[in-house]
Amino acid sequence: VSSHLPLNVAIEPALDGLGDEWSSMVFPAHRPLLALAGTGRPDAKASRYLARCARVGHEPIGLALAELSANPRDAAEILSVYVAAPLRNGGIATRLLQELEQDLVRAGAPRIVGVYMTGKPAIRAVERVFAKCGFDAPVRRTIAVRFTPEEPSRCVWYQKARMPDGATIFAWNELTAGEREWLQTSPRASWIHPELQPWRFDEGFDPVSSVGMRKDGEVVGWAVNHVIAPGLVRFTVASMRPDLAARGASFPLYVASLQRLQGTGVMCTFVTAALFPPMNRFILRRVCPFVTFCGETRVVSKRLGHAADAGSHA
Ligand SMILES: CC(C)(COP(=O)(O)OP(=O)(O)OC[C@H]1O[C@@H](n2cnc3c(N)ncnc32)[C@H](O)[C@@H]1OP(=O)(O)O)[C@@H](O)C(=O)NCCC(=O)NCCS
């Protein structure tokens, strides 16, 4: 890999935190981490942060930021890589990442991962940079879609959705305390996947669009949503008893939830869970053609050269 940087570019590790002059180079959510970069001080989740900075003279022109988890067996994560637009395609991001990788090796990280979302113009360049740095080819992890509540009504599954016999839809805020306890304790509710337990997502759910389904006196499914920004509803978690899901009973649940949002002017977002690949296929084939935005989150990873690292992989 070429290491011919423009002569006046200097790349150095952050040693004692980074100031506001670097904040435009990371996502807003990562800005509070800049002050910790290179200090060895942990944040609330006990992670530490390392960064490599590129400057021309005193002027910041590029930054790569990584998170080192408190668990030494976990992969370090590249949180962001950025180079000022006029200086792109000169190898600066590649050098930032290579040098940050050396810092992470010294810190003992067994592996590095990078997670990013497609749909932005820079993705080709980002993937090229990771490839040049020896990362494995990108792997799709989740699919994120953004849609108006009206758009899915053009999907075949929406039009074909039928309620199972004897089933009714109810507003999730009408779930009774008894039903809630039954879901948490009854052997008849043991089909609920731990990642999809609705009570884990109860806090602050959207009372308008969060719905459940009852059948024969039991709660058999739910779609629990949250308003995550003004005018933006996230479809957070949905689940259906497997025998009913196999007969398409999830669809009338989604339809009921969407209908409650139609005409309100909100946008919706949904990110598939990494654990359930069939959902990725469904969203790609049956939803993406009809919606405003469809993007993938992709993961790249690279094993770092430590004798102690026997075999963990993404
Ligand atoms: C992605 C980014 C960091 C790359 O920085 P950079 O300093 O230009 O990267 P490098 O010069 O080291 O490498 C860029 C590579 O991508 C290639 N590239 C650029 N645009 C490309 C495109 N549209 N298609 C294919 N390859 C492309 C370049 O040719 C170069 O590869 P090469 O050396 O084989 O020619 C920079 O474009 C950026 O800051 N983008 C905006 C921020 C962003 O999206 N960051 C990532 C999200 S965390």
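Reader: What share of the contacts between residues at least 6 apart in sequence join residues at least 24 apart?
Author: That share is 68% in this chain, where contact means heavy atoms within 4.5 Å. This is a predicted model, in which local features need pLDDT of at least 70 and side-chain atom pairs count only at pLDDT 80 or more, while totals for chains, interfaces and linings use all residues. Residues are numbered from 1 along each chain as its sequence is written, and side-chain values use heavy atoms, with hydrogens and water left out.

Reader: How many helices and strands are there?
Author: The chain has seven helices and twelve strands. These are DSSP runs numbered from the N terminus: helices are H or I with at least four residues, strands E with at least two.

Reader: What percentage of the residues count as buried?
Author: Of 314 residues, 46% are buried. Buried means under 20% relative accessible area, exposed over 50%, and partly exposed in between, with a 1.4 Å probe and protein chains only.

Reader: Which residues have the most contacts inside the largest nonpolar core?
Author: They are Ile78, Ile92 and Leu104, in a core of 28 residues. Such a core is a set of buried Ala, Val, Leu, Ile, Met, Phe, Trp, Tyr and Cys residues joined through side-chain atoms within 4.5 Å.

Reader: Which elements supply at least two residues each?
Author: Strand 1 (9-13), strand 3 (59-68), strand 4 (76-83), helix 1 (92-106), strand 5 (111-117) and helix 2 (123-132) do. Helix 1 gives the largest share, six residues.

Reader: And what does isoleucine 92 touch?
Author: Leaving aside residues up to four places away in sequence, isoleucine 92 touches Leu5, Pro6, Val9, Ile11, Ala54, Ile61, Val83 and Leu87. A second, separate core has 21 residues, including Ile143 and Val255.

Reader: Changing topic, which cysteines form a disulfide?
Author: Cysteine 288 and cysteine 294 do, with sulfur atoms 2.0 Å apart; a disulfide is a pair of cysteine sulfur atoms within 2.5 Å. The structure holds one disulfide.

Reader: Why is the disulfide right-handed?
Author: Because the torsion about the S-S bond of cysteine 288 and cysteine 294 is about 50°. Cysteine 288 counts as buried at 14% relative accessibility, whereas cysteine 294, at 30%, counts as partly exposed.
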